[in-house]
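Biologist: I would like to learn how to read a protein model feature by feature. Could we take the general idea each time, and then the case in hand?

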Amino acid sequence: MTTIRALEKHYNQKHPCCDTPQGIVFPNLGSKQAPVEKPQLVTGMGILEKAGRIHDSVSPTGSRLAHLYGLPKTHKEPLAMRPILSATDTYNFPLAKWLDEKLKPLSLNQYTVTDNFDFTKEIHELKINKGEILVSYDVSSLFTNVPLDETIEILVNRAFSNNWFNTTHNLALTRTDLIDLLNVATKGQLFQFNGALYEQTDGVAMGSPLGPLLANVFMSSIEDTLERQRKLPSYYRRYVDDTLTVMPDLATATTFLHTLNSAHTSVKFTMEVEKNSKLPFLGTELLNHAPRIETKVYVKPTNTGLLLHYQSHVDNRYKRSLLKTMLDRAHRLSSSWAHFSDECDRLKKVFARLKYPERLVNSTINTFLQSRIVGTQPTQTPKEPISIVRVVIPFKDQESANYVKKELKNLSMKVQTTVQPVFVSRKVGQDLKVREIKPQIVNQQRVVYQFQCDLCDAGYVGYTRGHLHTRVDGHKRKASSIYKHYHERHSEVPKDLLKRFSILKKCSNKFDCLVNEMLFIRDLKPTLNVQSDSIRAKVFV
């Protein structure tokens, strides 16, 4: 509990809502009316409708507010927080995913690391001179410091170089259309934090599908500039905000740090130099043994070995697969059998603490070694693509799972199609749901409300499944009983009409709204309501 309280205190101190990095602001909207997000999306959908085909795939069926939370960087001194914006199911999430898929090739250049294993192979072939040192550079808070307008302009310029975007994806969008779509997908994101409502006004969110893409576009533009100026070192590789270089000496490394920090005002770089000829990078420990660089698995000092426990309520197949995956990773990241052997010894201890049977661990390691020894690994002939149908089934116990797999195997032979089970376990969150504290503007959704005129005794009871402020805007139209009342009795509708409304009941669904609307109409007898039995009028008629 003491640790949790310490993290909560640090969370509030270090969170960008309280300590905004380099001028990037997250204004607290408080009790103000929330900016209307979806009309922006309507504009975007109009653009995509012109392009055809893709309109339906990126149209949201519903939405929720994004949630901001922090992940503690326990390996950092002092303890820091990484802000994550959970944007799944937000109104612009499908659009952001579509744009990310189409534009991703434009975010890469020859210096970008896209696969850790390919990078390790490259390092094994790299030759360095004696006396040269390994140096890594890291960007502080890259995502929240990406200049959004500038980066979107860079991305659009690349997309419309030789009309690449339209030609590649068979579309007919203009530059302005793509800029508008990127603005809708990235700007004005509303999110919750500690029960308050905020708006992100610049930077990209870690958690948005477009976050890594825009960060890579921005960093690659800096690299292109440095390359034209011939300021990049002979060996330079980057994965998002982490960069690896080979430098002649410490003085040259420090000079390059100053070069990076002067490349753009929005970002600040830090530098880490190898210690005892060792440097961690992307989960790999690089060992400077000139003229070669050796590699092995890097384990952070804060690593607790928390993996899938053997007594976990999942199919044993997933436990065996975890063993194989960890061994394969160790083998591919290790430059020698000695380093691989050391990692196997560590994994034995890790899996022993997780209650994996020693016999299972040893047999898996032996089988893996036999398959990797040169000359004994069978040559695999290319196989024709197999049609696979996967069936999601709740996991009950291992005996039931084995029986299901046997029956599905027999079924596969009969229908001549591979049918595979995918076992899923029930999540704790399905039974223990925590009610989150929501801002008032969010609680004003799916409600039964009351209108009370401040100039007479007229009243009205209604319900809305949307936001209350949106429904109040609807009552300013001529078809509304409230609009008619004001124009017939008081000449005009007041500008602050929302103040005349109050929430009678927060509901869970439409049926709940209808029932409570009917009960409140019968109890309060508002004079402006035309009907009194909403259930019969709206459901059964």
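Biologist: How many bridges join strand β10 to β11, and which way do they run?

Modeller: In general, strands of a sheet pair through backbone hydrogen bonds, either parallel or antiparallel. Here six bridges join β10 (residues 284-289) to β11, and the two run antiparallel; in β11, R292 is the bridge partner of H289. Strands (E, at least two residues) and helices (H or I, at least four) are DSSP runs numbered from the N terminus, and two strands pair if DSSP finds at least two bridges between them. Please keep in mind that this is a predicted model, in which local features need pLDDT of at least 70 and side-chain atom pairs count only at pLDDT 80 or more, while totals for chains, interfaces and linings use all residues. Residues are numbered from 1 along each chain as its sequence is written, and side-chain values use heavy atoms, with hydrogens and water left out.

Biologist: What is the order of the strands in this open sheet, and which are the edge strands?

Modeller: The order is β9-β10-β11, with antiparallel pairing, and the edge strands, each pairing on one side only, are β9 (278-281) and β11 (292-297). Helix α5 (residues 116-125) lies across β9, β10 and β11, running at about 150° to β11, where axes are lines fitted to C-alpha atoms, for helices over the stretch in contact, and angles run from 0 to 180 degrees between N-to-C directions. Contact means heavy atoms within 4.5 Å.

Biologist: Which residues touch the most other members of the largest nonpolar core?

Modeller: In soluble globular proteins, nonpolar side chains tend to be buried together. A nonpolar core is a set of buried Ala, Val, Leu, Ile, Met, Phe, Trp, Tyr and Cys residues joined through side-chain atoms within 4.5 Å, buried meaning under 20% relative accessible area with a 1.4 Å probe, protein chains only. Of the 50 residues in the largest core, those touching the most other members are L99, L103, Y137, L142, L178 and L182, and α9 gives the most to this core, with eight residues. Leaving aside neighbours within four places in sequence, L103 is in contact with L155, A159, F165, L178, L182 and L213.

Biologist: At what angle do α6 and α9 pack?

Modeller: Their angle is about 80°, with the axes 9 Å apart; α6 and α9 are therefore roughly perpendicular to each other, a label covering 65 to 115 degrees. Residues of α6 including L148 and L155 meet residues of α9, among them L213 and F218.

Methods: Angles under 35 degrees count as roughly parallel, over 145 as roughly antiparallel, 65 to 115 as roughly perpendicular and the rest as oblique.
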